[in-house]
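Here are a few notes to read alongside the structure. Keep the 3D view open and look up each place as you come to it.

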Amino acid sequence: MERVVIFGTSEMGQMAYFYLTNDSPYQVAAFAADRDYISEEKLFGLPIAAFEDIEAAYPPQDYRMLVAISYTGWNSLRAEKYHEAKEKGYHLINYVSSKAIIGPESVVGDNCLIFQNSICEPFSRIGNNVVVRVGCSIGHHSVIKDHCFLASHAVVLGHATVEAYSFLGANSTIRNDTVVAERSIVGAGALIMEDTQERGVYKGGLPTLLPIPSDSLRSR
């Protein structure tokens with residue numbers, strides 16, 4: 001049983017711990033966080049180690065790592081820690097729920113979390129450091145690029161592309177053959193019928209696209 005250090009002690013890290021413990025071949029050995037953000041010594045009875053010198057206590061030749069952070073800052077924090085973990089020499093694992101369906105000929109990168117009841121149809125491609133929450137559907141021949149976050153029940157239809165660092169809100173739908181530009185924010189329930197603009201924010205519940213200034217984005 002391979003041993004894993006989870007980077008992240010907030011909700012996403014705690015969920016990663018639950019699923020790895022109950023639905024994976026991995027054993028969680030410890031948590032990691034930046035030293036300035038450590039307020040307790042343990043979580044779920046496991047040590048919380050400072051990421052700055054994590055390799056001293058948990059060397060990469062003996063431990064794997066999973067960076068489990070939400071979509072803070074257009075997913076940029078998760079991307080930053082993903083790259084730092086790679087630079088430290090860690091092999092980054094995936095968590096794919098036993099209740100998810102990954103189609104034949106689909107490709108999944110590393111440090112991905114794919115939760116239960118999600119479906120990746122044949123020939124779909126998921127990049128590195130992608131979070132696919134509960135009940136998402138990714139259509140055939142679609143591409144989800146690096147560092148994206150798909151909230152629960154997001155739907156990406158066939159031959160669509162979601163560029164890097166994008167966020168798809170719960171119950172949002174991306175039409176087939178559509179490109180979601182890099183760092184797009186698609187709100188809950190939004191229906192995207194045309195290509196989006198980079199760093200655009202698109203509100204749900206409207207019949208057409210409605211770009212919203214990015215400074216109006218609030219935490220969900």
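1. Let's start with the pocket lining. Please keep in mind that this is a predicted model. Helix H1 (11-22) and helix H3 (76-87) each supply at least two residues of the lining of the largest pocket. Which helix gives the most to that lining? H1 does, with three residues.

2. Now for the pocket itself. The space in the largest pocket comes to about 480 Å³. It is lined by 21 residues, and the closest to its centre are Ser10, Ile69, Ser70, Thr72 and Leu77. Sorted by class, the lining has eleven nonpolar, five polar and five charged residues.

3. H1 has twelve residues, so at 1.5 Å a residue the helix should span 16 Å. The C-alpha atoms at its ends are 17 Å apart, which agrees with that expectation.

4. Stay with H1 and look at burial. The buried residues of this helix are Met12, Gly13, Ala16, Tyr17, Tyr19 and Leu20.

5. Next, find serine 97, in the loop between strand E6 (95-96) and strand E7 (101-102). Is serine 97 buried or exposed? Its relative accessible area is 5%, and buried means under 20%, so serine 97 counts as buried. Leaving aside neighbours within four places in sequence, serine 97 is in contact with Asp23, Ile114, Phe115 and Gln116. A polar atom of the serine 97 side chain also lies 2.9 Å from the backbone nitrogen of lysine 99.

6. Two backbone angles deserve a look. As background, most residues other than glycine have a negative phi. Glutamate 105 has a positive phi, near 70 degrees, and is not a glycine. You will find glutamate 105 in the loop between E7 and strand E8 (107-108). With a relative accessible area of 58%, glutamate 105 is exposed, because the cut-off for exposed is over 50%.

7. Where is histidine 153? Look in the loop between strand E15 (149-150) and strand E16 (155-156). Histidine 153 has a relative accessible area of 42%, and is therefore partly exposed.

Technical notes: Residues numbered from 1 in each chain as written. Predicted model: local features only at pLDDT ≥ 70, side-chain atom pairs only at ≥ 80, totals over all residues. Heavy atoms only, no water. Helix = DSSP H or I, 4+ residues; strand = E, 2+ residues; numbered from the N terminus. Buried < 20%, exposed > 50% of the residue type's maximum accessible area, 1.4 Å probe, protein only. Polar contact = N/O pair within 3.5 Å; in protein donor to acceptor, adjacent residues only side chain to side chain. Contact = heavy atoms within 4.5 Å. 1 Å grid on protein atoms, 1.4 Å probe; cavity = no way out; pocket = protein on both sides within 12 Å on 5 of 7 lines; lining within 4 Å. Points joined across faces, edges and corners; volume = space filled by probe spheres on them. Nonpolar A, V, L, I, M, F, W, Y, C, P; charged D, E, K, R; others polar. Expected span 1.5 Å × (residues − 1).
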